[in-house]
Amino acid sequence: ATMELQEKLLRAKSLRIDSIVKVLTKSSRVKGQQLIQGKLVKLNYNNVLDITKTIQENDIISIRGYGRFTIGKITMTSKGNYNIIYR
């Protein structure tokens with residue numbers, strides 16, 4: 001049986017990986033940074049070492065304990081935030 005991939009929307013203030021991890025894990029930015037520094041976050045199957053790295057469309061983010069997220073369309077809101085479709 002194939003698992004239905006549901007598209008979801010997240011809103012982030014920045015495309016930095018620590019900001020995205022914070023939203024995906026529904027935690028604080030500090031916790032997001034700790035996950036990254038603890039090598040629990042991968043971007044396109046590589047460990048993320050730089051918390052300021054920015055994500056792009058079609059990136060795959062894996063967060064140990066939270067799952068794998070594929071980034072879809074990224075659009076900017078009128079207030080300068082980002083709407084990111086992911087699954």
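**Note on the predicted model**

1. At a relative accessibility of 14%, serine 62 counts as buried (buried means under 20% relative accessible area, exposed over 50%, and partly exposed in between, with a 1.4 Å probe and protein chains only). Serine 62 belongs to strand 4 (helices, H or I of at least four residues, and strands, E of at least two, are DSSP runs numbered from the N terminus). Its side chain makes a polar contact of 3.4 Å with the side chain of arginine 68. A polar contact is a pair of N or O atoms within 3.5 Å; within protein, one must be able to donate a hydrogen and the other to accept it, and residues adjacent in sequence count only if both atoms are side-chain atoms. Apart from neighbours within four places in sequence, serine 62 is in contact with Leu40, Val41, Lys42, Gly67 and Arg68 (contact means heavy atoms within 4.5 Å).

2. On the basis of the values: this is a predicted model, in which local features need pLDDT of at least 70 and side-chain atom pairs count only at pLDDT 80 or more, while totals for chains, interfaces and linings use all residues. Residues are numbered from 1 along each chain as its sequence is written, and side-chain values use heavy atoms, with hydrogens and water left out.

3. The six strands form an open sheet in the order 1-6-5-4-2-3, with antiparallel pairing (two strands pair if DSSP finds at least two bridges between them). Strand 1 and strand 3 (46–47) are the edge strands, each pairing on one side only. Strand 6 pairs in the antiparallel sense with strand 1 over five bridges and with strand 5 over four bridges.

4. Individual bridges place strand 6 in more detail. Tyrosine 86 of strand 6 is the bridge partner of lysine 8 and also of isoleucine 71, while tyrosine 82 is the bridge partner of alanine 12. Strand 6 is mostly covered, with four of its five residues buried. Five residues lie between the strands in the hairpin of strand 5 and strand 6, where glycine 80 takes a positive phi near 85°.

5. Which residues have the most contacts inside the largest nonpolar core? They are Ile17, Val41, Ile55, Ile61 and Ile84, in a core of 22 residues (a nonpolar core is a set of buried Ala, Val, Leu, Ile, Met, Phe, Trp, Tyr and Cys residues joined through side-chain atoms within 4.5 Å). Two or more residues each come from strand 1 (8–12), helix 1 (17–24), helix 2 (29–37), strand 2 (41–43), strand 4 (60–63), strand 5 and strand 6. Helix 1 gives the most, with four residues. Beyond its neighbours within four places in sequence, isoleucine 84 has contacts that include Leu10, Leu15, Ile20, Ile55 and Ile71.

6. Helix 1 lies across strand 1, strand 2, strand 4, strand 5 and strand 6, and runs at about 130° to strand 1 (axes are lines fitted to C-alpha atoms, for helices over the stretch in contact, and angles run from 0 to 180 degrees between N-to-C directions). Six of the eight residues of helix 1 are buried, namely Ile17, Asp18, Ser19, Ile20, Val21 and Leu24. Their cover includes helix 2 as well as strand 1, strand 2, strand 4, strand 5 and strand 6.

7. A search of the whole structure finds one aromatic pair. The ring centres of phenylalanine 69 and tyrosine 86 are 5.7 Å apart and the planes stand at 65°, so the pair is edge-to-face (rings of Phe, Tyr and Trp, the last by its six-membered ring, pair if their centres lie within 6.5 Å; planes under 30 degrees apart count as stacked, over 60 as edge-to-face and the rest as tilted). Phenylalanine 69 lies in strand 5 (residues 67–76) and tyrosine 86 in strand 6 (residues 82–86), so the pair ties together parts 17 residues apart in sequence. Both phenylalanine 69 and tyrosine 86 are buried.

8. Arginine 11 is in strand 1, and a polar contact of 2.8 Å joins its side chain to that of asparagine 83. Leaving aside neighbours within four places in sequence, the contacts of arginine 11 are Val23, Thr77, Asn81, Tyr82 and Asn83.

9. Two residues other than glycine may be checked for backbone geometry. Lysine 26, in the loop between helix 1 and helix 2, has a positive phi near 50° and is exposed, with a relative accessible area of 74%. Tyrosine 45, in the loop between strand 2 and strand 3, has a positive phi near 70°.
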